[in-house]
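Please prepare a briefing on the structure shown below. Group the points by topic, and state the cut-off behind each term.

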Amino acid sequence: MFSNIKRLHVLVLALGSWASFCCAQPENHANNIVLKAKPQQCVVLNEGQACHKTIRIYWQANKPGDYCLVLSKNKTQLQCWQAAAQGVYQLAFDSSTSLPIYLIESKQQAPLASVNITVSWVYEARRESRASWRLF
């Protein structure tokens, strides 16, 4: 009896995991558009240091169109594709702060999907102590 209940519990967990895996929508799923970055996080040793890394950005849409990848800070276009349903871009990331990137349709300029490349650190930046003027 106990083993049957245990088997049923395992089966329910397995089906629940499968349902969330197969049927769950991705985070950046607006109008069937997926935008992902690998890696999405860059780790530096100390707070305030710039992170230098090559980031691969993937996108996929359900229909071909004219799409562009855009940096959010200054709305700089990284790359545009014409009549494409997917694309890959390699970004030479060099920043000490996190950076949101948007996929837009060329004609509309409204973001269809976004991904945030985050910068994190191991150690916080040192703060000057109030007694830094002391000689001894």
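Leu78 lies in strand E4, where strands (E, at least two residues) and helices (H or I, at least four) are DSSP runs numbered from the N terminus. At 19% relative accessibility, Leu78 counts as buried; buried means under 20% relative accessible area, exposed over 50%, and partly exposed in between, with a 1.4 Å probe and protein chains only. The C-alpha atoms of Leu78 and Gln90 are separated by 9.6 Å, and the two residues are 12 residues apart along the chain.

This is a predicted model, in which local features need pLDDT of at least 70 and side-chain atom pairs count only at pLDDT 80 or more, while totals for chains, interfaces and linings use all residues. Residues are numbered from 1 along each chain as its sequence is written, and side-chain values use heavy atoms, with hydrogens and water left out.

**Disulfides**

- The structure holds two disulfides, a disulfide being a pair of cysteine sulfur atoms within 2.5 Å.
- With bonded cysteines counted along the chain, the disulfides follow the pattern 1-2, 3-4.
- Cys42 is joined to Cys51, with an S to S distance of 1.3 Å.
- Cys42 is buried at 1% relative accessibility, and Cys51 is buried at 3%.
- Cys68 is joined to Cys80, with an S to S distance of 2.0 Å.
- Because Cys68 lies in strand E3 and Cys80 in strand E4, this pair ties together parts that are 12 residues apart in sequence.
- The link of Cys68 and Cys80 is right-handed, with 110° about the S-S bond.
- Cys68 counts as buried at 1% relative accessibility, whereas Cys80 counts as partly exposed at 36%.

**Strand pairing**

- Strand E1 (residues 34-38) and strand E3 (residues 51-71) run antiparallel and are joined by five bridges; two strands pair if DSSP finds at least two bridges between them.
- Lys38 stands opposite Arg56 in E3.
- The covered face of E1 holds Leu35 and Ala37, and its uncovered face holds Val34, Lys36 and Lys38.
- E2 and E6 run parallel and are joined by five bridges, with Trp121 in E6 as the bridge partner of Val44.
- E3 and E5 pair in the antiparallel sense over five bridges, and Leu71 stands opposite Ile101 in E5.
- Strand E5 (residues 99-105) pairs with E6 in the antiparallel sense over six bridges.
- Ile101 stands opposite Val115 in E6, and Tyr102 has Ser114 in E6 as its bridge partner.
- E5 and E6 form a hairpin with five residues between them, and Gln109 in the turn has a positive phi of about 65°.

**Nonpolar core**

- The largest nonpolar core has 27 residues; such a core is a set of buried Ala, Val, Leu, Ile, Met, Phe, Trp, Tyr and Cys residues joined through side-chain atoms within 4.5 Å.
- E1, E2, E3, strand E4 (77-95), E5 and E6 each supply at least two residues of this core.
- The largest share of the core, eight residues, comes from E3.
- The residues with the most contacts inside the core are Leu35, Ile57, Trp59, Leu69, Leu91, Phe93 and Ile101.
- In soluble globular proteins, nonpolar side chains tend to be buried together.

**Nonpolar surface patch**

- Val43, Leu45, Val122 and Tyr123 form a nonpolar patch on the surface, with about 400 Å² of accessible area together.
- Strand E2 (41-46) and strand E6 (111-123) are the elements that give two or more residues to this patch.
- Patches are made of residues with over 30% relative accessible area and no salt bridge, with nonpolar side chains (Val, Leu, Ile, Met, Phe, Trp, Tyr) joined within 5 Å and like charges within 9 Å.
- A salt bridge is a side-chain nitrogen of Lys or Arg within 4 Å of a carboxyl oxygen of Asp or Glu.
- Accessible areas come from the Shrake-Rupley method with a 1.4 Å probe, and for residues only the protein chains shown count as cover.
- Tyr123 is found in strand E6 and is partly exposed, with a relative accessible area of 49%.
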